[in-house]
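Here is a short report on one protein model. Look at the structure first, then read on.

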Amino acid sequence: FHKVLDKVLNGPTFRDLRATDANMYLVLTLHSFNRGHPMVPQSKPCEDAVTIAAGKRLGLVSWTRFKPHEKFHLSEYMRDFVERLGYQL
């Protein structure tokens with residue numbers, strides 16, 4: 001069973017689908033904000049930026065809080081986050 005499943009999932013059809021999916025989907029996981037608003041990538045140096053080494057592979061090493069002194073709105077955060085990654089919603 002595992003050999004058949006492996007062959008199907010790693011066959012050319014599924015490889016093509018995974019390649020297409022990689023260009024069409026972005027998965028963002030948010031956890032509770034016990035310590036303030038979620039963070040967004042920061043391209044310009046700023047005083048409150050935090051270095052996160054795990055983002056180095058993607059060029060996302062510097063992060064800052066999203067509008068820390070304003071009321072949080074998920075739609076604004078998502079738009080800002082995606083734009084900082086170079087995409088548009």
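## A cysteine between two strands

Cys46 is partly exposed, at 31% relative accessibility. Here, buried means under 20% relative accessible area, exposed means over 50%, and partly exposed lies in between, with a 1.4 Å probe and protein chains only. Cys46 sits in the loop between β1 (39-41) and β2 (50-51). Helices (H or I, at least four residues) and strands (E, at least two) are DSSP runs, numbered from the N terminus. Trp63 is 17 residues from Cys46 in sequence. In space, the two C-alpha atoms are 9.4 Å apart.

## About the model

The model is predicted: local features need pLDDT of at least 70, side-chain atom pairs count only at pLDDT 80 or more, and totals for chains, interfaces and linings use all residues. Residues are numbered from 1 along each chain as its sequence is written, and side-chain values use heavy atoms, with hydrogens and water left out.

## The largest pocket

The pocket holds about 750 Å³ of space. On a 1 Å grid over the protein atoms alone, a pocket is an open set of points with protein on both sides within 12 Å along at least five of seven lines, where a cavity is a set of points where a 1.4 Å probe fits but cannot get out; lining residues have an atom within 4 Å of a point. Grid points are joined across faces, edges and corners, and the volume is the space filled by probe spheres set on the points.

Which elements supply at least two residues of the lining? They are β3 (62-65) and α3. The largest share comes from α3, with four residues. By type, the lining divides into 20 nonpolar, eight polar and three charged residues. Ala, Val, Leu, Ile, Met, Phe, Trp, Tyr, Cys and Pro count as nonpolar, Asp, Glu, Lys and Arg as charged, and the others, Gly among them, as polar.

## Two salt bridges

How many salt bridges does the count come to? The answer is two. A salt bridge is a side-chain nitrogen of Lys or Arg within 4 Å of a carboxyl oxygen of Asp or Glu. One joins Asp80 and Arg84, at 2.7 Å from N to O. Both residues lie in helix α3 (residues 74-84). They are four residues apart, about one turn of the helix. Arg84 is partly exposed, at 37% relative accessibility.

Lys67 and Glu76 form a salt bridge too, with their closest N and O atoms 3.1 Å apart. Glu76 has a relative accessible area of 27%, so it counts as partly exposed. Lys67 is partly exposed as well, at 34%.

Lys67 is found in the loop between β3 and α3. Its phi is positive, about 35°, although Lys67 is not a glycine. Most residues other than glycine have a negative phi.

Pro68 is in the loop between β3 and α3. At 43% relative accessibility, Pro68 is partly exposed. Pro68 and Val82 are 14 residues apart along the chain. Their C-alpha atoms are separated by 18 Å.

## A nonpolar patch

Phe1, Val4, Leu5, Val8, Leu9, Phe14 and Leu17 make a nonpolar surface patch of about 670 Å². The most come from α1, with four residues. Patches are made of residues with over 30% relative accessible area and no salt bridge; like charges are joined within 9 Å, and nonpolar side chains (Val, Leu, Ile, Met, Phe, Trp, Tyr) within 5 Å. Accessible areas come from the Shrake-Rupley method with a 1.4 Å probe, and for residues only the protein chains shown count as cover.

Val4 lies in helix α1. With a relative accessible area of 56%, Val4 is exposed.

Tyr87 lies in the segment after α3. Tyr87 is exposed, at 52% relative accessibility. Gly36 is 51 residues away in sequence, and 25 Å from Tyr87 in space, C-alpha to C-alpha.
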